[in-house]
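Work through the exercises below with the sequence and the 3D view side by side. Try each task before you read its solution.

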Amino acid sequence: MVALTQFESDHPLLRLFPALGEVDARVTETKLVVAACATAVTLATFILSYLVSFNLPVFRALKTKEKVFWCLSVVRSAFGAVMVVLSGWYWVMDPTLSQDVVKATTQTSFLTASIIVGFFVFEVTALAISDVVFRTFDPALFAHHWLCLVGCSTMCLYYEIGHFFGIQGVMLEMTTPFSCLCWVLLKSKMARTTLWKCNQLFLIHLFHMRTIIEGYMLLMTYRQWDSVMANMPVVVFVLLYTQVVLQFVWLTPYWTYKKTSQFFNPIDFNQSAAEKGTKGAYHGKGSTGKRNDTPSSHVKGS
């Protein structure tokens, strides 16, 4: 039996899968198995989403690219919901990781980090396939996804540090279910409904909450700066703070602005840009000089 902290016995992962409390999550084989299972479950969710959604007339009326994004929306929504629960546990119930933002780890933080890596393996694979099939490439989006995958796997699983940033940072995915619902409702011609408006208002609020979380991670860095400088390898420092600063000063503010403007003008910005023949990507994912209305450009919905 692996030694658990005083808070971990009630962790949602161990409640649902008690056997996970008996394996050593720090062992490489365990990390690989958990990550592979997460990738397999994500792929299965994508396939199931397609099979179920095909019964809906609105889904069948979509273009192939939009059908792909519809299914990716379901996958990302499910991941976001799960991560809110797993990450939220450390916000509300377990202060272990915040006691040392560099070196503190737990059994469940290793399991959660492995799940995150497994999901992003699916994400970068789906992105690569969609880029090839639909002949598009968004370098900013590509870099964003790879930073998440390489950053988490390098920091949390290889060096086994920085679990505070990896686990707390994934709480930012709390916007994903509502952002994807926004896009689905738009495609279902429900943009003027009360449901869409309520969802959009709540989504805007969550984007403001993202800024608070990102600021909190930077604040904890400042408070424990000596530990960060003494114990964090340079490669991890560069990967981590490139991502955190990128989100804090550019991506989250821009997405907040776009979602706020979309509340007053409920359109699919990607489709609108494509119809006008404009260039560049939506949601601050960079400009490629191509019509960027493919599934890969809809990371945060439209």
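**Exercise 1. Decide whether E66 is buried or exposed, and then find its salt-bridge partner.**

Solution. E66 has a relative accessibility of 17% and therefore counts as buried, since buried means under 20% relative accessible area, exposed over 50% and partly exposed in between (1.4 Å probe, protein chains only). The side chain of E66 meets that of K187 in a salt bridge, with 2.7 Å from N to O; the term requires a side-chain nitrogen of Lys or Arg within 4 Å of a carboxyl oxygen of Asp or Glu. K187 lies in helix α9 (residues 176-187) and E66 in helix α4, so the pair ties together parts that are 121 residues apart in sequence. K187 is also buried, at 12% relative accessibility.

Before you go on, note that the model is predicted, that local features need pLDDT of at least 70 and side-chain atom pairs pLDDT 80 or more, while totals for chains, interfaces and linings use all residues. Residues are numbered from 1 along each chain as its sequence is written, and side-chain values use heavy atoms, with hydrogens and water left out.

**Exercise 2. Find out which residue forms a salt bridge with K31, and where the two partners lie.**

Solution. The partner is E160, and the closest N and O atoms are 2.7 Å apart. K31 belongs to helix α2, whereas E160 sits in the loop between α7 and α8, so that the pair links parts of the chain 129 residues apart; helices here are DSSP runs (H or I, at least four residues), numbered from the N terminus. K31 is buried, with a relative accessible area of 7%, but E160 is partly exposed, at 30%.

**Exercise 3. Explain how E214 and R210 are placed relative to each other in helix α10.**

Solution. Because E214 and R210 are four residues apart in helix α10, about one helical turn separates them. Their side chains meet in a salt bridge of 3.8 Å, N to O. E214 is buried, with a relative accessible area of 0%, and R210 is buried too, at 1%.

**Exercise 4. Describe the surroundings of N199.**

Solution. N199 is placed in helix α10 and, at 5% relative accessibility, counts as buried. Leaving aside residues up to four places away in sequence, N199 touches F178, L181 and C182, where contact means heavy atoms within 4.5 Å. A polar atom of the N199 side chain lies 3.0 Å from the backbone oxygen of F178.

Note on methods
Helices (H or I, at least four residues) and strands (E, at least two) are DSSP runs, numbered from the N terminus. A polar contact is a pair of N or O atoms within 3.5 Å; within protein, one must be able to donate a hydrogen and the other to accept it, and residues adjacent in sequence count only if both atoms are side-chain atoms.
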